[in-house]
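I set out to record, entry by entry, what I looked up in this structure.

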Amino acid sequence: MVAKNFVLVPGAGGGTWYWNRLVSELRARGHKAIPVDLPTGDASAGLTEYTDCIVNTIGDRDRIVLIAQSMAGFSAPQACERVPVELLVMLCAMTPAPGESPGEWWGNTGQPQAAADYAVSQGRPAEFDVVRDFFHDVPEDLTAEAVAVGMPPQADLPFSQPWPLTAWPDVPTRFLQGRDDRLFPLEFQRCLVKERLGIPVDDLPGGHLVAVSRPVELADRLVGYVNSAG
């Protein structure tokens, strides 16, 4: 087995803490795992700076498997245009269209209605609640820790910036979705990804924070992608 460098990019307001459990699992399987610390609290940092951060974290490493969680779907593909990436895995991610900003993505894709309909189908309130909708399947001790620390800050600038690529980067791409994600419901993602990328959506148990709630299953799936690619 050839060890890969899994470079892990968090979503909006995400921090390296999000990847802690997955890092341990990937390393136990003989791979390296490098979380990216994005400048989400910097009001002057936008998508370009996020992409720069990914590229700088990769540095001169090779054998890169780039994992893009949620809003990282807007920055990780840009990094693929600048550094060699063997595989891009979109994880419960936002799939951008050329010229579309992260702020426009929600309305353009119909996400608010999809999430509300999914909530109603499960007998939940349609209004978004961080704890109820992000941490519903996360262990109680980790949820309590996250609530006590508070969510990392997320500046507004990136949400107003258009995605600059005119097409998806020429890199093998897989899309992996938590089937219990309350923010981006599975069927919503299947339709959107088919329309925008023309690839299937793979699913596994877990919600939007699947790296926290299901690190073993997620690590197995990611390593499986690598092994199947030879």
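**Entry 1**

I began with Cys 92, which sits in the loop between β4 and α4. The model is a predicted one, and I read every entry below with that in mind. Is Cys 92 buried or exposed? Its relative accessibility is 0%, so Cys 92 counts as buried, the cut-off being under 20%. I then looked up its backbone and found a positive phi of about 45°, although Cys 92 is not a glycine. I noted the background for this: most residues other than glycine have a negative phi.

I found a positive phi at Arg 63 also, with a value of about 55°, and Arg 63 is not a glycine either. Arg 63 is placed in the loop between α2 and β3. With a relative accessible area of 31%, Arg 63 is partly exposed.

**Entry 2: Gly 59**

I stayed with the loop between α2 (47-58) and β3, where Gly 59 is also found. Its relative accessible area is 46%, so I recorded Gly 59 as partly exposed. How far apart in space are Gly 59 and Val 83? From C-alpha to C-alpha the distance is 8.6 Å, while the two are 24 residues apart in sequence.

**Entry 3: Glu 100**

I returned to the loop between β4 (87-91) and α4, because I wished to look up Glu 100, which is found there. Glu 100 is buried, and its relative accessible area is 4%. Which residues are in contact with Glu 100, leaving aside neighbours within four places in sequence? I listed Phe 74, Thr 95, Trp 105, Asn 108, Gln 161, Pro 162, Trp 163 and Arg 196.

**Entry 4: α4 against α8**

Trp 105, Asn 108 and Arg 196 came up again when I examined a pair of helices. I recalled that two packed helices are described by the angle and the distance between their axes. For helix α4 (residues 102-109) and helix α8 (residues 186-196), the axes come within 12 Å and cross at roughly 110°. This angle makes α4 roughly perpendicular to α8, since 65 to 115 degrees is the range for that term. On the α4 side the contact is made by Trp 105, Asn 108 and Thr 109, and on the α8 side by Phe 188, Leu 192 and Arg 196. I sorted these residues into 3 nonpolar, 2 polar and 1 charged.

**Entry 5: the sheet**

In what order do the strands of the sheet stand? I read the order as β2-β1-β3-β4-β5-β6, an open sheet of 6 strands with parallel pairing. β2 (32-35) and β6 (201-204) stand at the edges, and each has a single partner strand, so one side of each has no neighbour in the sheet. From one strand to the next the twist averages 25°.

I then looked up individual pairings. Strand β1 (residues 5-9) runs parallel to β2 and is joined to it by 4 bridges; Val 7 has Ile 34 of β2 as its bridge partner. β4 and β5 pair in the parallel sense over 4 bridges, and Val 89 has its bridge partner in β5 at Arg 174. β5 and β6 also pair in the parallel sense, over 4 bridges, with Phe 175 partnered by Val 201 of β6.

I noted that β5 is mostly covered, as 5 of its 6 residues are buried. Helix α10 (residues 215-228) lies across β1, β3 (64-69), β4, β5 (173-178) and β6, and runs at about 160° to β5.

**Entry 6: the nonpolar cores**

I noted first that in soluble globular proteins, nonpolar side chains tend to be buried together. Which residues of the largest nonpolar core touch the most other members? Of its 41 residues, they are Leu 8, Trp 19, Leu 22, Ile 67, Leu 218 and Leu 222. At least two residues of this core come from each of β1, α1 (20-28), β3, β4, α8, α9 (210-213) and α10. The largest share is that of α10, with 6 residues.

Not counting residues up to four places away in sequence, Leu 8 touches several residues, including Trp 19, Leu 22, Val 23, Leu 26 and Ile 67.

Note on methods:
Residues are numbered from 1 along each chain as its sequence is written. This is a predicted model: local features need pLDDT of at least 70, side-chain atom pairs count only at pLDDT 80 or more; totals for chains, interfaces and linings use all residues. Side-chain values use heavy atoms; hydrogens and water are left out. Axes are lines fitted to C-alpha atoms, for helices over the stretch in contact, and angles run from 0 to 180 degrees between N-to-C directions. Angles under 35 degrees count as roughly parallel, over 145 as roughly antiparallel, 65 to 115 as roughly perpendicular and the rest as oblique. Contact means heavy atoms within 4.5 Å. Ala, Val, Leu, Ile, Met, Phe, Trp, Tyr, Cys and Pro count as nonpolar, Asp, Glu, Lys and Arg as charged, and the others, Gly among them, as polar. Buried means under 20% relative accessible area, exposed over 50%, partly exposed in between (1.4 Å probe, protein chains only). Two strands pair if DSSP finds at least two bridges between them. A nonpolar core is a set of buried Ala, Val, Leu, Ile, Met, Phe, Trp, Tyr and Cys residues joined through side-chain atoms within 4.5 Å.
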